[in-house]
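Open the structure in your viewer and keep the selection panel at hand. The tour below goes from one selection to the next.

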Amino acid sequence: MSMVAGPPDDGATQPRPLTIAQLAELAQVSTATVSKVVNGRTEVRPETRALIERLIHEHGYRPQRRRAPFAPLVELAFDTLDGEAPAEVAAGVERVTREHGMAVTLSRLRHGDDQGRDWIEGVLSRRPTGVISVFSSLTGTEREQLATRGIPLVLLDPRDEQPAEVASVGASDWSGGLMATRHLLSLGHRRIAAVAGPADALAARARLDGYRTALDMAGLPVDPGLIAGPGDAPERLLRLPSPPTAILTCDDGQAGGVYRALHRLGLRIPEDVSVIGFDAPLAGRWMDPPLTTIRRPLPEMAATAADLVLALARGDRSVRHRVELGTDLLLRGSTTAAERYCRVTENNLDARRRGGLA
């Protein structure tokens, strides 16, 4: 079999992208099989698809005719659709797409199983104008498949670090952690605990770093015993000989677990322990008492991501690839001055110890 390649690389030129026929010859498959992979069709064996995708990555692909037009929609890809965040994100994206006469479709990402492969194949067959991946990250292969088909990608609050060329929109999570801790310090709290988020999540790590920085700037040592992992029971913090007077939760939904733990122990919020959350602006409003929280502007972040992905689809390469929006402190009823707490603690410390907390 004769091998097909572009012109010799003399250091000044790059090899030409290959046509479907040339890719088929290299892969020793039919042109119909290569065409199915290029167009996102599903009826190709995984190993054959992987080979063709690798050849496209190595050599490039030159369309022999004009591609089918992109569908007038933006695909929102989530790892999970639980909680209030997906609705806020969808509303922000829809606000932008509506102005352009486009629709929004939602899908769920899965990696490491057949569902992950089904997701990318579904996207390629739908041919959206762009993809926004929310609170998650795509594999290198998935990014390459989208790029090969000319489908722009924007990551909204990516879970982990991504290559510099991948566009993303995030929030100032470090500043949010700093702001939350400074609020508690301003109330006189000095024993401030933190419930950390997943160690592999960039946003959770940034929030915890902001917490540490605020303590350091206040001249307070960071006590590792006051930092609970995402799997720790909040009760552990209250078993300490000197329990915290305030708790900062660094991940979505953790504030609810802290509330339940404190209620089980007969402790009042904020009279016994102040609590501040992160990213629960709607659900926190209905907690008892309403939760003081750091708000990330999710609808605005989503709208920014939609503007960015549409700009990339138009071929505008002058747009910023990394955008970060600010966070806000929403003051509610779950935080109060530390002096009030200290009196309650001294009065009830023996009772709590008799209850097996220390």
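Which residues in the largest nonpolar core touch the most other members? Select Ile-192, Leu-208, Tyr-211, Ile-247, Leu-262 and Val-275, which hold that place among its 36 residues. A nonpolar core is a set of buried Ala, Val, Leu, Ile, Met, Phe, Trp, Tyr and Cys residues joined through side-chain atoms within 4.5 Å; buried means under 20% relative accessible area, with a 1.4 Å probe and protein chains only. Among the elements that give two or more residues to this core are helix H7 (173–186), strand E6 (192–195), helix H8 (202–217) and helix H10 (254–264). Helices (H or I, at least four residues) and strands (E, at least two) are DSSP runs, numbered from the N terminus. A second, separate core has 28 residues, including Met-102, Leu-298, Ala-306 and Leu-310.

This is a predicted model, in which local features need pLDDT of at least 70 and side-chain atom pairs count only at pLDDT 80 or more, while totals for chains, interfaces and linings use all residues. Residues are numbered from 1 along each chain as its sequence is written, and side-chain values use heavy atoms, with hydrogens and water left out.

Next, select Val-275. Not counting residues up to four places away in sequence, its contacts (heavy atoms within 4.5 Å) include Ile-247, Tyr-259, Leu-262 and Thr-292.

Now select strand E10 (residues 292–295). Thr-292 and Ile-294 point one way, Thr-293 and Arg-295 point the other way, and all are buried. Strand E9 (residues 274–278) runs parallel to E10, and three bridges join them; two strands pair if DSSP finds at least two bridges between them. Thr-293 is the bridge partner of Gly-277 and also stands opposite Leu-330 in E12. Strand E12 (residues 328–330) pairs with E10 in the antiparallel sense, over three bridges.

Move on to Gln-145, which lies in helix H6. Is Gln-145 buried or exposed? Its relative accessible area is 6%, so Gln-145 is buried. Gln-145 touches Glu-53, Ile-120 and Leu-124, not counting residues up to four places away in sequence.

Last, select Ala-147, Ile-151, Pro-152, Leu-153 and Glu-165. Of the 17 residues lining the second largest pocket, these lie nearest its centre. A pocket is an open set of points on a 1 Å grid over the protein atoms alone, where a 1.4 Å probe fits, with protein on both sides within 12 Å along at least five of seven lines; lining residues have an atom within 4 Å of a point. H6 gives the largest share of this lining, five residues.

Technical notes: Buried means under 20% relative accessible area, exposed over 50%, partly exposed in between (1.4 Å probe, protein chains only).
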